[in-house]
Amino acid sequence: FASRGGREALSNPQFCEECGAVKADAVLAPPAPPLKPRRYAVVETECQYDSVRELLAELRARRPQVTSAQALRTHVFVGIVDAHRSLIQHGTKLTMVTHSLLSRELFYQLALRQFATTPRVELDPPYPVSDLIKAHLAACEADVIADPAAAATDAAAALTSKGAMLLEYFSLGIDDGGRLTHLPLLLSGYMPQLAGVPGFLWRLATETEWRYERQCFDDVARHLGTLYCQLPTADEETLTPEGAETLKSVIFPALKQLFLPPEKLPDGECLDTL
């Protein structure tokens, strides 16, 4: 009788049942085709608010510098330099890009373009907003905020009062009990680092102009951009392997397909041809 290993080999379709030799077609078979590049689609908002239409019109009317537009639309990703910069190739040119600036602007744009249409992800369990903000203040604002507990309570109350608006327009859920229940899915297959959420909530509560509609929507979208552009890092200058893979396979394809390079980010700030 054949040994267990022999029986497994003989039952394997890559081996000849008569002699146990490896079949030629198993050796010469063509490799599996490469994975197709990730494709993204945006469900553009149909909101008719004048404030939203004006913000979107400004995005779409931009006339970026030619270098930025061509480099980002036609680039080939080369590699990561550090937590903030990467190398891309476009044509015969090698360019250093500040991906942290570009991705922040990308997510800002996606928050506006998908205004009131963004899918949402439910958080289970939900997180008390006041506790999240209090943790941020204790870690990052202890020397500035005299009473972190009171400040966190006030900030959470402010966000709770805006919960219905934030959920309807930005898919950011804060229920009547002051708990964070949902986050927006601005880009398919990508969610922000939860470690950045406490600081995001504090900035959202204290650095948003709630009184004026257009400025309010713009501020919320920019706060979301700041949150979503954060990638996991091993230290201040190095992305984790997970962060590096996300940058390569998610962020850069999205920049290539969806990004509208703005005039206010000149080439010298975000792209540097070597």
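Leu-204 lies in helix H9, where helices are DSSP runs of H or I of at least four residues, numbered from the N terminus. The model is predicted, so local features need pLDDT of at least 70 and side-chain atom pairs pLDDT 80 or more, while totals for chains, interfaces and linings use all residues. Residues are numbered from 1 along each chain as its sequence is written, and side-chain values use heavy atoms, without hydrogens and water.

At 0% relative accessibility, Leu-204 is buried (under 20% relative accessible area; exposed is over 50% and partly exposed in between, with a 1.4 Å probe and protein chains only). Leaving aside residues up to four places away in sequence, Leu-204 touches Leu-159, Leu-166, Leu-172, Trp-210, Val-220 and His-223; contact means heavy atoms within 4.5 Å.

The axes of H9 (residues 197-206) and H10 (residues 213-228) come within 10 Å and cross at roughly 165 degrees. H9 is therefore roughly antiparallel to H10, a term for angles over 145 degrees. Axes here are lines fitted to C-alpha atoms over the stretch in contact, and angles run from 0 to 180 degrees between N-to-C directions. On the H9 side the contact is made by Val-197, Phe-200, Arg-203 and Leu-204, and on the H10 side by Val-220, His-223, Leu-224, Thr-226 and Leu-227.

Turning to the cysteines, Cys-47 is buried at 16% relative accessible area, whereas Cys-140 is exposed at 53%. The count of disulfides is 0, a disulfide being a pair of cysteine sulfur atoms within 2.5 Å.

Key
Helices (H or I, at least four residues) and strands (E, at least two) are DSSP runs, numbered from the N terminus. Angles under 35 degrees count as roughly parallel, over 145 as roughly antiparallel, 65 to 115 as roughly perpendicular and the rest as oblique.
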